[in-house]
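Colleague: I am new to reading protein models, and I would like to go through one slowly with you. Could we take the features one at a time, with the general idea before the case?

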Amino acid sequence: SSECSLDKACVNQKCVDPCPGTCGTNARCNVNNHSPICSCQSGYTGDPFTRCYPNPPPKDTEIIVRDPCVPSPCGPNAQCRNINGAPSCSCHATYIGTPPNCRPECSINSECPSNQACINEKCRDPCPGSCGIGARCNVINHTPICTCQSGYTGDPFTNCYPEPPPPREPVRDDPCNPSPCGANAQCSNGVCTCLPEYLRRSVSGMST
């Protein structure tokens with residue numbers, strides 16, 4: 001090959017172009033120092049010794065949109081909404097206050113009025129379901145107090161029922177009913193005495 005020009009190679013004792021049949025489809029060949037150099041044409045890619053194919057179209061540049069609510073700047077017990085790319089914070093429906101200081105209505109009884117109790121983080125009447133049938137409920141210092149209503153007795157936490165009527169006094173037998181004394185006499189606690197006018201007649205008759 002040294003006897004040939006740099007863009008030729010010695011093939012079968014002749015100086016010839018070494019490129020034909022050397023490179024793949026859509027490849028170009030340049031001879032450098034008697035050697036064929038294969039490369040893909042502009043706008044193509046692949047293996048220049050076998051095949052070059054068109055470059056794929058460039059992908060559109062992805063626009064990364066940042067969510068201002070991730071991570072949330074609103075604090076606990078609050079929700080964040082993306083309003084035109086800016087975060088908008090508000091407390092959850094069951095919480096009070098202003099973000100980032102949203103809190104439940106109560107966490108202990110002392111945060112409620114004395115006639116209410118803290119139930120599921122809300123100030124509520126503790127009476128429903130606390131007392132038994134026929135009982136009344138009064139809340140004292142956040143605590144339901146159950147009592148039976150007037151005229152009722154029993155366990156106010158389970159069942160109150162009407163008080164039984166007072167026992168009747170035993171009926172005593174009247175020894176004078178019916179009277180054992182006969183006519184013209186009177187009976188008092190079982191003792192018979194003559195009526196006064198009959199007693200006088202009897203006495204006056206005896207004196208005559």
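The dialogue that follows goes through domains, salt bridges and one cysteine.

Modeller: Before anything else, please keep in mind that this is a predicted model.

Colleague: Then let us begin with the domains: which residues does the domain assignment give to domain 1 and domain 2, and what distance separates their centres?

Modeller: A domain assignment divides a chain into parts, and its bounds come from an automatic or database assignment. For this chain it gives domain 1 as residues 9-54 and domain 2 as residues 109-162, and the centres of the two, taken over C-alpha atoms, are separated by 99 Å.

Colleague: What does UniProt list for "domain: EGF-like"?

Modeller: The UniProt record, which is an unreviewed entry, lists residues 16-53, 65-103 and 124-161 under that name. In the model, the span 65-103 is 0% helix and 49% strand, with its end C-alpha atoms 32 Å apart, while the span 124-161 is 0% helix and 53% strand, with its end C-alpha atoms 28 Å apart.

Colleague: How many salt bridges does the structure hold, and which side chains meet in them?

Modeller: The general idea is a side-chain nitrogen of Lys or Arg within 4 Å of a carboxyl oxygen of Asp or Glu. The structure holds two such pairs: D7 meets K8 at 3.6 Å, N to O, and E105 meets K122 at 3.3 Å, N to O. E105 lies in the loop between β10 (101-104) and β11 (117-119), whereas K122 is in strand β12 (residues 122-124), so this pair ties together parts that are 17 residues apart in sequence.

Colleague: Where is C181 found, and why does it count as buried?

Modeller: C181 is found in the loop between β16 (159-162) and β17 (185-188). It counts as buried because its relative accessibility is 15%, and the cut-off for buried is under 20%.

Colleague: Which residues does C181 touch, if those up to four places away in sequence are not counted?

Modeller: With those left out, C181 touches Q186, C187, V191 and C192. As for V191, it is 10 residues from C181 along the chain, and the C-alpha atoms of the two are separated by 8.1 Å.

Methods. Residues are numbered from 1 along each chain as its sequence is written. This is a predicted model: local features need pLDDT of at least 70, side-chain atom pairs count only at pLDDT 80 or more; totals for chains, interfaces and linings use all residues. Side-chain values use heavy atoms; hydrogens and water are left out. Helices (H or I, at least four residues) and strands (E, at least two) are DSSP runs, numbered from the N terminus. Buried means under 20% relative accessible area, exposed over 50%, partly exposed in between (1.4 Å probe, protein chains only). Contact means heavy atoms within 4.5 Å. UniProt positions are given in the numbering used here, feature names are shortened, and annotations may be inferred rather than shown by experiment.
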